[in-house]
Amino acid sequence: MANWMVGIDTGGTFTDVAALETGSGRLHITKVPSTPDDPSRAVLDGVTTLFSELPEIKAGEVQFFAHGTTVATNSLLELKGATAGLLLNRGFRAIYELRGGTRPSGSDLIDTFYQKPMVLTPQKYTEEIGGRIAYDGSELEPLDEASVRQAVRRLRERGVTSIAVCFLFSFMNPAHEQRTAEIIREEYPECRVSLSSVILPVIREYQRVSTTVVDAYVGPVIETYLRRLSGRLRDLGIPTEQKFIMQSNGGLMRVDIAANYPNQTLLSGPAAGVVFGAQLGQAVDEKNVVTFDMGGTSTDISVLPSGMYQETRQGKISGQDLGTPMIQIRTLGAGGGTIAWIGPDGLLKAGPRSAGAAPGPACYGQGGEEPTVTDADVALGYLDPRALVGGRVKLDQALAIAAIRKRVGEPLNLSLEEAAMGIVKVVNVNMEVGLRLSLAERG
């Protein structure tokens, strides 16, 4: 019986599937549209397509399944996560919103329309709790359990579905956070809970709060996705327990474990590309490598001096600060589905919003009306409308042209060619700036 290894990369627009027969080295690759409403369905579609294209592969012969996903990344980039609440010690409710005292830098300093990145849990979803743990882990003040119950009830009434809990010095003594989690489950059993003492039990208050909030924000999305995925793979007849997801640090984690630690999957998809880039650099004896991964929603850039990817505990995705160990990757809202729009200053912008797979770029003919980078490429002839995904996806150039004219050309008094080229130039400049910043960071 043959043994197969299957690798899958789920993006915002397409899902890619690769199968390798371990004995012969035979490789087969296929691609299917992503399904943003339920990304696990696209994975199932991809595996089913793989089996139909290679009938000799049997589900029981898949002995290894590895998966990189941008589900968590895209939910953060496009602000499509859960309605999350935050519980903090009394008197410290401003910690998260102050963002550690960080200030704008670079081009943001001359942007008259600059706005700080949106907080994922605004003040109306933030509650203060009585009780205090000291720096050495001793209890200065008992946990006010009544205030916890009242706070949870208020958050439930406001529609919160996930709660982040971050108390002072919980990394020294997690007792207050643990009891708070028990009370939340008593008062609101269906609510998801993220504890800083579990997510990031290290010193530095703001970083811990921000990371825990991100976990609460993307947690329900990625948890639902992974549990559905695991069940559907079993239903398909893939029995192996060797089912893994890429972590942000380039390692692998079992799918069932990853569902409990979604913040560690935020760079799951991009991390796989960087790890492969490092391996490829070694294979061709290139010491210094830059990986550049442009998908449908985002572009991911990483610099590998001496062929080694760098790890950081001070990452940032879409303006959100993270203390989870991760490969140093600069993620930009710039992909094929990136939407072009006119800003309040009257200038052409591109991103970070994306048309994704549904409705997708206007040229997909699925109801999309906003012009994207893909529409500009089709209008300019950079993309063959008949050749996408081996001809399985047909593109409508007329729809791309109409969207660009209506949303960009006419408002800015530009010809079709000028408007389309403007979109391409703007997104290219965004990526060039990202690349230059990444190179500057690595010296």
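Predicted model: local features only at pLDDT ≥ 70, side-chain atom pairs only at ≥ 80, totals over all residues.
Residues are numbered from 1 along each chain as its sequence is written. Local features need pLDDT of at least 70, side-chain atom pairs count only at pLDDT 80 or more, and totals for chains, interfaces and linings use all residues, while side-chain values use heavy atoms, with hydrogens and water left out.

Helices (H or I, at least four residues) and strands (E, at least two) are DSSP runs, numbered from the N terminus. The axes of helix H10 (residues 373–380) and helix H11 (residues 397–412) come within 9 Å and cross at roughly 115 degrees. Axes are lines fitted to C-alpha atoms, for helices over the stretch in contact, and angles run from 0 to 180 degrees between N-to-C directions. H10 and H11 are therefore roughly perpendicular to each other (65 to 115 degrees). In H10, Asp-375, Ala-376, Val-378 and Ala-379 meet Gln-397, Ala-400, Ile-401 and Ile-404 of H11, where contact means heavy atoms within 4.5 Å.

An open sheet has 6 strands in the order E3-E2-E1-E4-E11-E12, with mixed pairing. Two strands pair if DSSP finds at least two bridges between them. The edge strands, E3 and E12, each pair on one side only. On average, neighbouring strands are turned by 25 degrees against each other, direction ignored. Helix H7 (residues 205–236) packs on the sheet, and its direction makes about 160 degrees with that of E4. The table gives the strands that H7 touches.

| Strand touched by H7 | Residues |
|---|---|
| E1 | residues 4–10 |
| E4 | residues 62–69 |
| E11 | residues 243–246 |

Strand E2 (residues 14–21) pairs with E3 in the antiparallel sense over 7 bridges. The bridge partner of Phe-14 is Pro-33 in E3.

Terms used. Parallel < 35°, antiparallel > 145°, perpendicular 65-115°, else oblique.
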